[in-house]
Amino acid sequence: MSLKKDLISIKDLTKSDIYSFIETAKEFKKISLKDIKKVPTLRGKTVINLFYEPSTRTRSSFEIAQKRLSADSLNIAISQSSVTKGETLKDTILNLESMKPDAFVIRHHESGAPYFISKITKASVINAGDGINEHPTQTLLDIMTVMEEKKDISSLKVAIIGDISHSRVARSDIFGLSMLGADIYIYGPYSLLPVTGFKDIPNVRIAKGFKEAVKNADVIIMLRIQKERAGYHFIPSIEEYRNFFKLTPELLSLASKGVMVLHPGPVNRDVEISGSIINRDKTFIFKQVENGIAVRMACLYMLLGVQKSLEPDI
Amino acid sequence: MKRLIIKNGIVADPLSRTEVKRDICIEDGIIRGAGNGTGDFKKSRSADIKIINADGLYVLPGLIDMHVHLREPGYEYKETIKSGMEAAVSGGFTSICCMPNTNPPNDSASVNNYIINKSKEAGLINLFPIGAISRGLKGENLSDIGELKESGAVAISDDGNPVSDTSLLARAMLYAKTFGLPVISHSEDLSLRGKGVMNEGFTSQALGVAGIPSIAEEIAIERDIGLAKYYGAKLHIAHVSTAGSVDVIRRAKKEGVDVTCETCPHYFTLTEESLLNYNTNAKINPPLRTGRDILAVKEGLVDRTIDVIASDHAPHSEDEKDTTLDNAPFGIIGLQTLLPLTFKLYAEKRLFLHDIARLVSQNPARILNLSGRGGIKEGYAGDITIVDVRKKWKFSENKIKSLSKNSPFIGMDFTGIAVYVIVSGNVISAN
C-alpha cells in the first residue's frame, strides 16, 4: 500500500490502492448492516468537515461514516463561520489546525483547494469534491458498486454521458476506470467536452453519437447538467438538452443485458435521465449512496487508522 | 415508372471535371445513367417517357444557391417563399438555402417547419433552411440548434448580424459540431463598421458618407478562422468581398483549417463607384469594394480559395430603397443575375463550365452535407440545370420575378441564361 496521508486525486492512487480501498470498504459495509452500527476504530480521532459548497449526499455520507467509526466530527457551516467576515482559506485552516484535528474533509468550489490545504496542515486531507477537478471518493464508490455486479472491470464498456467539462465526477471516474482497464466512451455536446480530448488517457474515446456510446455498454454513468450552463452558451436550453442528451428507455435498450446505470446525484429527472428508468429500478443510484458510506469509512480508516497506528508510540 | 431523357447536351460535370456530350436518364426522380448517344435507353417498356433535346445546350448538375434571403414569414411585401422560388427557377436553381433573418427569426422547429411547408406548397424547387445561431438573432444565447437540425436546417448562421460575442460563436461551433452542422459566419467587426454605408475609400470620401473599412471584414474573418482552427470546427464564411479576406482564407486553407467560403457575383463585377450617384440599389453589406478587390476575388475563384458563388439575394421594397444612401437598407436581389454574371468569368476564360458547376452546385452540396446532390451521377437526385451560354439578353425590370426590384444590374446586357431547371425529374421552363 503506497498511500500517503491524503486522498486528493484518483491520479495519486495505484491500481492496488484502489482495490485495497474497495476490499476494506466491503468489510466496513457489514457494519452498516448490523443492528448496532458502530465500531470503536477511530475513537479519539477528530475529523473536521469543511464544506464550502452545498451538499446532501457527500456530507451526510462522510458524517455517518465518521460516527460509525466513533470519530469525533466537527461540521463547519461556512455560512455561519468567519469566512463570511473575510477570513482567507489559509487562515481558516491555520486556525483549525491549532485545534489538532486528525483529518479535514473538504468540499470546495475552487479546483485545487484540497491540495492547497494539504500543504499547510499536518492532518490528513480528504477531497470531497473540488471545483471541476476531482471527486475521488465518488469514484471509489462507483467502482465498488460496479464490482459488486461485474467481476472484471477491464472487460467492461463504460459510457459516461453529459457535461464532462464541468464534472469532477467524470474526471475522477475517467482516471479511475481507465486505470482499471475499462473501455470508456464519452458522449455529450462538444461544447461540454474538453477541447483537448482524451488522447493522454488510455482506453478513452469520444463517441460519435449517443447510440454509439451506449451500444452494448455494461455501465452507463449519467452526469447532472447544471441549469446555469445555458446562460454561458454551453447549451442552448434545458429543453434542448432533454431532447438530445437524455438517457431514455429506448437508448438504454441498446446497452448490454445486465447494464448498470449510475448517477452521482442530484438527479434532474427527465433532463439527463428519464424518470421512468429510475422508477423501474433500472439504476444503481441508491446502491451508490449505500456504498458511499462504506467507501468513506474505508478512506477514513486507511488514512487515519492504518497510517497512524504504524507510528511509534511516544 | 417515370422516365426523363436529356439528349444531345454537353454535360459539365464537376465530379469528373469534364464537358462531354452525353445523354442523361432520370427515372422516378433519380439519375439512372448517362449514355453517349441515342438509343441507350430504348429498352424501357415504360409508357411515360419524356425527352428533352439539349442540342447546343450545356447540362449542369442542379444549381444550388446557398445564400438567399426569402422574407417570409414577416416581410412578405419584399418577397414570399413562392416569389423567391420563382426568381430562383428563372435564375437556374434547383435548390436554394434561406437565411434565418425573418420575423420571427428561424430559430426554432416551428418556424423551420413553417418555411418548409410553405416551400412544399409552392412545389417548385428544393428549399433548405438555415437556422439561427442565436435565439432571436440577438447574439446572446444559443438557439435550439439540435432541434433546428432535426427539423431540417442544413447550417446555422446569424447572417446579417455578426456574432460579436466570441464565446457564443466558439460554443456555437462546438455545439453544432455535435450535430454535424456547419456554421456560416457573417464576419464583420460591428464596432469598426460603425455607421458606415459603403466601402471606406475615395468614393465614400467624395460622396461625404461614412465608410465601412475593409479591415472590418478581414479582422472578423481572422477571428472566426482562429476559432475554427482552435476548436477543430467546420466554418463557412459568407460573402467574401476584399482582397485581404481572400488572402486570410488562402493562408488558413494552406494550414489545413476546415474553412470554406463564398463570394457573390457583385464582388467580382462592380466597384464602389456604382454608388457615385448615391445609388441605394448598390448599397449592400459587405459593400462593393475596389478594382483591386475584384481582381483578388477572381483570383480566389480560379485558385479555389473561394469555394462557392452565392447570390446573397436580399429583397427590399421600392419604397425602402427610395431614400438617402444613409437611410436605405443594405442588400440587393441576385437570384436571376448570378448565372449570367458568372458566365462573364467563363467568357473571360477564367472558369470552365464544370468549374461553375463546382462553385454553384458541387461545393454548396458538399459544405451543407446535401447528400446525393451536386453532381451528375448514378443514384443522385434528378436535379439538373440546362443553360444556353450563347443567348444574348437584357436584364430589364420586367424580367424580375422577385417582388422587389432592388438590383444594380437592371439594364445590363448579358450572355447566357438558364433554359430549364429539372427538379427530381420534373422539368420546369426557366426562361
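Leaving aside its neighbours within four places in sequence, which residues is His236(B) in contact with?

A: Happy to walk you through it. Please keep in mind that this is a predicted model. Setting aside the neighbours within four places in sequence, His236(B) is in contact with Met66(B), Val183(B), Ile184(B), Ser185(B), Thr260(B), Cys261(B), Glu262(B), Val308(B) and Ile367(B). To see where this residue sits, look for strand β15 of chain B, residues 235-237, which holds His236(B). The relative accessibility of His236(B) is 1%, and because buried means under 20%, His236(B) counts as buried.

Five strands of chain B form an open sheet with parallel pairing, in the order β11-β12-β15-β16-β17. Its edge strands are β11 (156-157) and β17 (308-309) of chain B, each of which pairs on one side only. In the listed order, β15 stands between β12 and β16. Strand β12 of chain B covers residues 183-185, and three bridges link β12 with β15(B) in the parallel sense. Across that pairing, Ile184(B) stands opposite His236(B), and Ile184(B) is also one of the contacts of His236(B).

Tyr267(B) has a relative accessible area of 2% and is buried. Apart from neighbours within four places in sequence, the contacts of Tyr267(B) include His239(B), Val240(B) and Ser241(B). Also among them are Ile284(B), Asn285(B), Pro286(B), Pro287(B) and Leu288(B), as well as Ile294(B) and Val297(B). With Val297(B), the C-alpha to C-alpha distance from Tyr267(B) is 7.2 Å, although the two are 30 residues apart in sequence.

Chain B has another set of strands to visit. Strand β18 (residues 384-394) runs antiparallel to strand β19 (residues 413-423), and eight bridges join the two in chain B. One pair to look for is Lys394(B) with its bridge partner Asp413(B) in β19(B). On to β20 of chain B, residues 426-429: this strand pairs with β19(B) over four bridges, again in the antiparallel sense. Here Tyr420(B) has Ser429(B) in β20(B) as its bridge partner. The hairpin of β19(B) and β20(B) has two residues between the strands, and in this hairpin Ser424(B) takes a positive phi near 45 degrees.

Finally, a look at the partner chain. Chain A has 11 helices and nine strands. Its radius of gyration is 20 Å, close to the 20 Å that the globule rule gives for 314 residues, so chain A is as compact as a globular protein of that length. Along the principal axes, the C-alpha atoms of chain A fill a box of roughly 60 × 45 × 40 Å. Buried residues account for 58% of the 314 residues in chain A. Of the contacts in chain A between residues at least 6 apart in sequence, 75% join residues at least 24 apart.

Gln288(A) counts as buried, at 2% relative accessibility. Beyond the neighbours within four places in sequence, Gln288(A) is in contact with Gln138(A), Leu141(A), Asp142(A), Thr145(A), Leu262(A), His263(A) and Pro264(A).

Technical notes. Residues numbered from 1 in each chain as written. Chains lettered and ligands numbered in written order. Predicted model: local features only at pLDDT ≥ 70, side-chain atom pairs only at ≥ 80, totals over all residues. Heavy atoms only, no water. Rg over C-alpha atoms; globule rule 2.2 N^0.38 Å. Buried < 20%, exposed > 50% of the residue type's maximum accessible area, 1.4 Å probe, protein only. Contact = heavy atoms within 4.5 Å. Pairing = 2+ DSSP bridges.
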